[in-house]
Amino acid sequence: MNLIQEKALVVSVLNWIKEHKLPGNRDAAEITEEIDLITDGVLDSIGLVDLLLFVEEQTGRPIDLITVEPKAVCVVKNLCRIALGNQLSQSTDGCEHAEPSCGDLLVAGG
Amino acid sequence: MLNPVVETYSLLADKYDDELNLQSCWGRATDRIQSSLAIEDNVQVVLDVGCGTGRALLQMASRSRRNIQFIGIEPAENMRERAVRRIGCRTNISILDGRFEEIPLKSQSVDYLFSIFAFHWVTDLRASVREIHRVLKPNGRMDLFFIGRNNGHEFIRKTSPIFLKYMGPAHFLESVRMRTQLTRQESLRLFSETFDPRQVSADESYETYYDSLEGHWGWWVRVEGQFVSMAPEKKDACDQEVRKALSDLSTEKGIPYSIHCLRLTLRPRAD
């Protein structure tokens, strides 16, 4: 995983979001790489489409949306990893662990 | 290739003229726009692109001179059939298969082109504008009404997480891309690429309509085409969650829905 590249992309994406976010709800300062952009009302569906186009422009590669979970595209941290072809979640023991899906979170009462 | 929006409009054509849809915010907005349109004295041919079941076209024809030729084009077959039945034996109205990207008329044959809430469904913006330019006479006029970037923001914010969950990112974003929601500036720029910018103007309006859940659900027929990729077994559960989310928007006046309407106008210059 190229962390430097990923961090740079996260910064770039957050800046884009702060520029294009919906009015109301969240102040720019509250927008972090961890929040859910759709659930938190930072972007609407059209904004999300625009964001993905921006990310694809930045990385020069298409994002494969077929296999990803909803949570993966709505959270900047996850989106940037996917966009760079990096694994979503990797623990310190070197084993890969799947991120909980949006459905899992809902079932768990999140 | 089949267009799911067109196919779904065709499948649901028999519900399109239901009172719930006609009395909904969209029905009322359409009526208001239609009654505001005026046909100039020298006009011979009027074109309605995306005429649906022909309601606005017939109303326009009914209050206009009989020597004006009215043409409606509509890509959804069953909507077209209803339009043909609606106009009956009126010889100055015809209904044709067509769409913005492919208008089945000769070049420079139309004096006045109008369209109400159809342009946001085009699949190719620039091709559509070029086609409009082709069929309009050099001094032709046009009034296009279509939804803008901020349309239905209350519903979109509430329902996007639900649709995203049930459809998955790929299908959800594909469904969002089926409609084009431009800003006023973007629409002005788009048309100014093909038409004389001095003849083009763009206005926008915001109108918030309050209705009951069932009242709003009555116009869902207009957007169903975006959800055809959802597995049928998920559809009911999704609908239930959407209805619950929309109910949460309730205020004393009802459930709000704001129509952001763009009006793109083309008028010949006096000089």
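Predicted model: local features only at pLDDT ≥ 70, side-chain atom pairs only at ≥ 80, totals over all residues.
Residues are numbered from 1 along each chain as its sequence is written, while chains are lettered from A and ligands numbered from 1 in the order in which they are written.

**Exercise 1. Describe the make-up of chain A.**

*Solution.* Start with the elements. Chain A has five helices and zero strands (DSSP runs numbered from the N terminus: H or I of at least four residues for helices, E of at least two for strands). Along the sequence the pattern reads α-α-α-α-α. Next, burial. Of the 110 residues in chain A, 30% are buried (20 or more other C-beta atoms within 10 Å of the residue's own; 12 or fewer is exposed, in between is partly exposed; C-beta atoms are placed from the backbone). Last, contacts (C-beta atoms, placed from the backbone, within 7 Å). Take those in chain A between residues at least 6 apart in sequence: 48% join residues at least 24 apart.

**Exercise 2. Find which parts of chain A touch chain B.**

*Solution.* Count first. 16 residues of chain A are in contact with 15 residues of chain B. Then assign them. α2 (45-59), α3 (70-74) and α5 (102-107) of chain A each supply at least two residues to that side of chain A. α2(A) gives the most, with five residues. Now sort by class. The side of chain A that touches chain B has eleven nonpolar, four polar and one charged residues (Ala, Val, Leu, Ile, Met, Phe, Trp, Tyr, Cys and Pro are nonpolar; Asp, Glu, Lys and Arg are charged; the others, Gly among them, are polar).

**Exercise 3. Work out how α2(A) and α8(B) are arranged.**

*Solution.* Look at the axes (lines fitted to C-alpha atoms over the stretch in contact, with angles from 0 to 180 degrees between N-to-C directions). Those of α2(A) and α8(B) come within 10 Å and cross at roughly 40°. The two helices are therefore oblique to each other (under 35 degrees is roughly parallel, over 145 roughly antiparallel, 65 to 115 roughly perpendicular, the rest oblique). Then list the partners. Ser45(A), Ile46(A), Leu48(A), Val49(A) and Leu52(A) of α2(A) meet Ile156(B), Ser160(B), Leu173(B), Val176(B) and Arg177(B) of α8(B). By class, this contact has seven nonpolar, two polar and one charged residues.

**Exercise 4. Describe how α8(B) packs on α11(B).**

*Solution.* The axes of α8 (residues 153-177) and α11 (residues 232-247) of chain B come within 10 Å and cross at roughly 155°. That makes α8(B) roughly antiparallel to α11(B). The contact uses residues of both helices, including Phe155(B) and Tyr166(B) of α8(B) and Cys238(B) and Leu246(B) of α11(B). Its residues divide into seven nonpolar, one polar and three charged.

**Exercise 5. Locate Cys51(B) and decide: buried or exposed?**

*Solution.* Cys51(B) sits in the loop between β1 (45-49) and α5 (55-62) of chain B. Count its neighbours. With 29 C-beta neighbours inside 10 Å, Cys51(B) counts as buried. Leaving out residues up to four places away in sequence, Cys51(B) touches Leu57(B), Gly72(B), Ile73(B), Glu74(B), Ala83(B) and Ile95(B).

Terms used
Contact = placed C-beta atoms within 7 Å.
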